[in-house]
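Please look over the sequence and the model shown here before reading on. The briefing that follows goes from the overall fold to single residues.

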Amino acid sequence: MEAVAAPNRDVRVRAASPPGGRGEKSPPESRQVYMDYNATTPLEPEVIQAVTEAMREAWGNPSSAYPAGRKAKDIINAARENLAKMIGGKPQDIIFTSGGTESNNLVIHSVVKHFHEIHTSKGDAAESHSPAEGAMPHFITCTVEHDSIRLPLEHLAKEHVAAVTFVPVSKVNGQAEVDDILAAVRPTTCLVTIMLANNETGVIMPVPEISQRVRALNQRRATAGLPLILLHTDAAQALGKRRVDVEDLGVDFLTIVGHKFYGPRIGALYVRGLSELTPLYPMLFGGGQERNFRPGTENTPMIAGLGKAAELVAENCEAYEAHMRDVRDYLEERLLAEFGKKRIHLNSQFPGSERLPNTCNFSIRGPQLQATSHAGNGWDSSHPDACSTWLALSPEAGVQALTSRVLFER
């Protein structure tokens, strides 16, 4: 199944609906189905309108006091409120960024800096149980994280700036197990970063359980003079597909990516009690925008679009989720009916695990299948994440695996 962009929203709606309906026959190009929505989504018409209006009416510098500048600032503040509402947080805890990669890197580098600052100020010898002088900060993550988490951590480890533990996901439920994460904790552990939902399998990670266990552990660590462990989740794939609430999750940081929920290609970072409860250190220095945490003149039109996309999610998430689940379930029913249980395996259906309503991951068994790959996103096509539809031959089992990230139009 090749991922092909649908020409307009009406076509996407038809493509996502069960076949067999009456009506005029569509031309061939209108029957193309885009099935790579976990990589990126098209802009909602209302988002395009918000971006266009901001370009035309809010062109002023948001830091300026004249009317055009105040108009831009008002739009930015409204967008911040919409994002906060979408995730159940506070507007003052939202920082706009260029996207998920910047947000994730900002968290990682902030935690490294904070680790060194607290040990410099307190003195490593102040407590008998504190990390030894010169110890490196330790991170815990899992093996299926996005490259914007994995690669920065690997780089820090290679440069001997930090130590990293990559916890494997369970073959039984597709999740990073809570016990495995807690077992990896060291005296120098300062951050656990686990994605909220996996983009390939759709499996929801047990972030609330992880945060509960980490909070309980932090009480004991505080008594022992050890650094508290912060918790971050990259929520890129979950937003817009299921309800996301930072209070339920119990996280200190949460990454927001606009182009995953019909918004523009910018992002944001939620930081619980920004600078008061949770540390954040800028990677850039400039004009003081975003309270100096992410300086640079704000991109008002893209922020307006992000805010509108967040507003739509907050208002309609349950309806989106129900529709996508119906279409996904219909697809899986038809796959089983066409191929039979002996030839097809639905890889995302782990017992006891929740999964995204939009994502279908399956394998087809058969000796005559041709192995090809359709690379996408500009990534290395030798990596599974490089393919919007990924086919790879398994010589040992004689199985042709067709792994497809499918996000259905809402």
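Contact here means that heavy atoms lie within 4.5 Å. This is a predicted model, in which local features need pLDDT of at least 70 and side-chain atom pairs count only at pLDDT 80 or more, while totals for chains, interfaces and linings use all residues. Residues are numbered from 1 along each chain as its sequence is written, and side-chain values use heavy atoms, with hydrogens and water left out.

**Overall**

- The protein has nine helices and 12 strands, where helices (H or I, at least four residues) and strands (E, at least two) are DSSP runs numbered from the N terminus.
- Of the 410 residues of the protein, 53% count as buried; buried means under 20% relative accessible area, exposed over 50%, and partly exposed in between, with a 1.4 Å probe and protein chains only.
- Among the contacts in the protein with a separation of 6 or more, 67% come from residues 24 or more positions apart.

**The sheet and its edge strand β1**

- Seven strands form an open sheet of mixed pairing in the order β1-β7-β6-β5-β4-β2-β3, two strands being paired if DSSP finds at least two bridges between them.
- Strands β1 and β3 (163–167) stand at the edges with a single partner strand each, so one side of each is left without a neighbour in the sheet.
- Neighbouring strands of this sheet are turned by 20° against each other on average, direction ignored; axes are lines fitted to C-alpha atoms, for helices over the stretch in contact, and angles run from 0 to 180 degrees between N-to-C directions.
- Strand β1 (residues 94–97) pairs with β7 (residues 267–271) in the antiparallel sense over four bridges, with Ile94 opposite Tyr270 and Thr97 opposite Gly267.
- In a regular strand the side chains alternate between the two faces of the sheet. In β1, Ile94 and Phe96 point one way and Ile95 and Thr97 the other way, and all are buried.

**Helix α5**

- Helix α5 (residues 147–158) has 12 residues, which at 1.5 Å a residue should span 16 Å, and its end C-alpha atoms are 15 Å apart, which agrees; the expected span is 1.5 Å times one less than the number of residues.
- The buried residues in α5 include Ser148, Ile149, Pro152, Leu153 and Leu156. They cover an arc of only 120° around the axis, which puts them on the same side of α5, the arc being that of the directions from the helix axis to the C-beta atoms.
- Just after α5, His160 takes a positive phi of about 60°.

**Thr233 in strand β5**

- Thr233 is placed in strand β5 (residues 230–234) and is buried, with a relative accessible area of 0%.
- Leaving aside neighbours within four places in sequence, Thr233 is in contact with Ile194, Met195, Leu196, Val207, Leu249, Val251, Phe253, Leu254 and Thr255.
- A polar atom of the Thr233 side chain lies 3.0 Å from the backbone nitrogen of Leu196.

**Lys260 in a loop**

- Lys260 is found in the loop between β6 (253–257) and β7, and Lys260 is buried, with a relative accessible area of 11%.
- The side chain of Lys260 reaches the backbone oxygen of Asn38 at 2.8 Å.
- Lys260 and Ala238 are 22 residues apart in sequence, and their C-alpha atoms are 8.6 Å apart in space.

Note on methods: A polar contact is a pair of N or O atoms within 3.5 Å; within protein, one must be able to donate a hydrogen and the other to accept it, and residues adjacent in sequence count only if both atoms are side-chain atoms.
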